[in-house]
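I opened this entry to record what I looked up, one item at a time.

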Amino acid sequence: LMHYRQKRIVVCGQMNELGSFSAHYHQLLGRALNKMDIDMVLAYGPDTKKTLSMYMGETCYCPSMESLSLHLNKYLSDGFIILLKGSRELQLERLL
């Protein structure tokens with residue numbers, strides 16, 4: 001993402017496969033995102049609230065896939081690079 005000049009948005013879906021380590025790794029992700037040149041993080045899934053609590057930039061928590069889709073559609077243009085990442089179970093590709 002750092003090699004693109006466009007604005008960068010990361011869509012984080014909950015990582016369902018982490019079991020008892022979920023809180024730790026969602027927080028770790030938020031810290032890692034702070035080290036990247038990202039303009040906004042959109043998040044979906046209850047555990048992603050821990051990611052957003054650690055990320056110091058602009059964020060938006062979406063409680064449903066419909067909400068996430070509405071927020072993401074605001075940014076679908078040539079001026080944005082969007083990275084979707086989350087558990088396979090969430091089927092984030094439905095957003096495209």
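For salt bridges I used this rule: a side-chain nitrogen of Lys or Arg within 4 Å of a carboxyl oxygen of Asp or Glu. The model is a predicted one.

**Salt bridges**

How many salt bridges does the rule give? The count comes to one. I looked up the pair: Arg8 with Asp37, with the closest N and O atoms 2.5 Å apart. Arg8 sits in strand E1, and Asp37 in the loop between H1 and strand E2 (40-44), so the pair ties together parts 29 residues apart in sequence. As background, I noted that side chains of opposite charge can pair when their charged atoms come close.

Is Arg8 buried or exposed? Arg8 has a relative accessible area of 6%, and the cut-off for buried is under 20%, so Arg8 is buried. Asp37 comes out at 43% relative accessibility, which makes it partly exposed.

**Sheet**

I read off the strand order as E3-E2-E1-E4. These four strands form an open sheet with parallel pairing. Which strands stand at the edges? They are E3 (59-62) and E4 (80-85). Each has a single partner strand, so one side of each lacks a neighbour in the sheet. I noted an average twist of 15 degrees from one strand to the next.

Then I took one pair in detail. E1 and E2 are joined in the parallel sense over five bridges. Gly13 has Tyr44 in E2 as its bridge partner.

**Helix H3**

I moved on to what packs on the sheet. Helix H3 (residues 65-73) does, touching E1, E2, E3 and E4. Its direction makes about 160 degrees with that of E2.

Which residues of H3 are buried? I list Met65, Ser67, Leu68 and Leu72. Down the helix axis they fall within an arc of 155 degrees, so they line one face of H3. Their cover includes E1, E2, E3 and E4. Glu66 and Leu70 are exposed on the other side of H3.

**Gln14**

Last, I looked up Gln14. It lies in the loop between strand E1 (7-13) and helix H1 (22-34). Its relative accessible area is 13%, so Gln14 is buried. What does it contact, leaving aside neighbours within four places in sequence? Among them are His26, Tyr44, Pro46, Asp47, Ser87 and Leu90. I also noted a polar atom of the Gln14 side chain 2.6 Å from the backbone nitrogen of Asp47.

Notes: Residues are numbered from 1 along each chain as its sequence is written. This is a predicted model: local features need pLDDT of at least 70, side-chain atom pairs count only at pLDDT 80 or more; totals for chains, interfaces and linings use all residues. Side-chain values use heavy atoms; hydrogens and water are left out. Helices (H or I, at least four residues) and strands (E, at least two) are DSSP runs, numbered from the N terminus. Buried means under 20% relative accessible area, exposed over 50%, partly exposed in between (1.4 Å probe, protein chains only). A polar contact is a pair of N or O atoms within 3.5 Å; within protein, one must be able to donate a hydrogen and the other to accept it, and residues adjacent in sequence count only if both atoms are side-chain atoms. Contact means heavy atoms within 4.5 Å. Two strands pair if DSSP finds at least two bridges between them. Axes are lines fitted to C-alpha atoms, for helices over the stretch in contact, and angles run from 0 to 180 degrees between N-to-C directions. The arc is that of the directions from the helix axis to the C-beta atoms.
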